[in-house]
Amino acid sequence: MNGRASLSGKPYSAGVRIANWNEDTYLEEDLLKDFLYKREKGELLIQKSKRLKNNLLKQMQLSVSKDGFVHFGDTVMLLSPENNKSPTENYPAACGNLTLAVNPDDITVHTSESLQVPCGLSAVKSVNPVGRNAFRILSVEGNSMGEPIRFGQNFGLGATGGFTDQMLYLASDHKSFMRFAKKSYLQQVFLTDELSYLTCWQATFLDPQLRLEYEGFPVPANTKVLITHCHTNRGLAVPRNYWIRSYFGKEYEVICHTYLDSHKAEEDKNYWIIVTANPSDDGITMFDRPKPPSEETREREKNELYAGT
């Protein structure tokens, strides 16, 4: 006999409830009330995730350098410039300009409303200043905000991820058996919430033959420099041939490693440009600002103008 027998001896149909079925109704009502409460308070996971992504992709305003130097307290982008080689010469490395960016893991993106530590970093092809790739120059030795940083002077790099109440710090440490970059197996970089000797960096002049002469001089903005980790004495670098898959798509690994050529000079993988805002336009940076025409170009345009008249 299918089903259960009733007191009358007839079987129950499959749709008949035989227990305290009111409990199921109460449970559904409680779940609905809990859902509505969390939605009203903005505590649903999808709402938290949306806030995090909105902040990471929020448009940011970089600082304007009035004297051409980088200062403590400036909001800047760290850009790894292209090496002007053809795609064939670069293969399999990535071409184009890349910027240092915050790269939270997938679990954080889908479940948190703020950045969690330790947080990863990557190099992205976007050169527009947003919450992900905007960093603040921090004083770690008691220097006043607004003072220019100098070659050989310690400073920190802070990332807010577009948040106003959170600051994480760019850090690195010696490679170990448990701590290394996932793709290259070299020294990793990460974001932490504590200032320490692991979060201290220095700007180094690009030409090794003039490096000692420029020690103590202000660091120019929008010019190629080297960024060196003080504790390990290794340069911040983008190898460009190690790509990683993130929530935002295909991006490139950032590490701490000094690449030297046959002349014992740093390679372009260690080159960085500290990008500031364009004072004449709120929408673009100094890196995007058109270069003034050369004397030859101006002369040629003038001759073409006269020829047309």
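Predicted model: local features only at pLDDT ≥ 70, side-chain atom pairs only at ≥ 80, totals over all residues.
Residues are numbered from 1 along each chain as its sequence is written, and side-chain values use heavy atoms, with hydrogens and water left out.

The protein has five helices and 14 strands, where helices (H or I, at least four residues) and strands (E, at least two) are DSSP runs numbered from the N terminus. Of its 309 residues, 40% are buried, a word that stands for under 20% relative accessible area with a 1.4 Å probe and protein chains only. Among contacts (heavy atoms within 4.5 Å) between residues at least 6 apart in sequence, 65% join residues at least 24 apart.

Two kinds of space are described on a 1 Å grid over the protein atoms alone: a cavity is a set of points where a 1.4 Å probe fits but cannot get out, whereas a pocket is an open set with protein on both sides within 12 Å along at least five of seven lines, and lining residues have an atom within 4 Å of a point. A volume is the space filled by probe spheres set on the points.

| Space | Volume | Lining residues by class |
|---|---|---|
| Largest pocket | about 590 Å³ | eleven nonpolar, six polar, six charged |
| Largest cavity | about 30 Å³ | one nonpolar, one polar, three charged |

The largest pocket has a volume of about 590 Å³. It is lined by 23 residues, of which Asn103, Cys119, Gly120, Leu121 and Lys182 are the closest to its centre. The elements that give two or more residues to this lining are α4 (106-111), β3 (120-124), β7 (187-192) and β11 (243-246). The largest cavity, in turn, is lined by Pro81, Asn83, Arg240, Asp268 and Lys269.

Gln166 is found in the loop between β5 (156-159) and β6 (168-172), and Gln166 counts as buried because its relative accessibility is 18%. Leaving aside neighbours within four places in sequence, Gln166 is in contact with Ser114, Leu115, Ala159 and Thr160. Although Gln166 and Ser114 are 52 residues apart in sequence, their C-alpha atoms are 8.2 Å apart in space. A polar atom of the Gln166 side chain also lies 2.7 Å from the backbone oxygen of Leu115.

Conventions. Nonpolar A, V, L, I, M, F, W, Y, C, P; charged D, E, K, R; others polar. Buried < 20%, exposed > 50% of the residue type's maximum accessible area, 1.4 Å probe, protein only. Polar contact = N/O pair within 3.5 Å; in protein donor to acceptor, adjacent residues only side chain to side chain.
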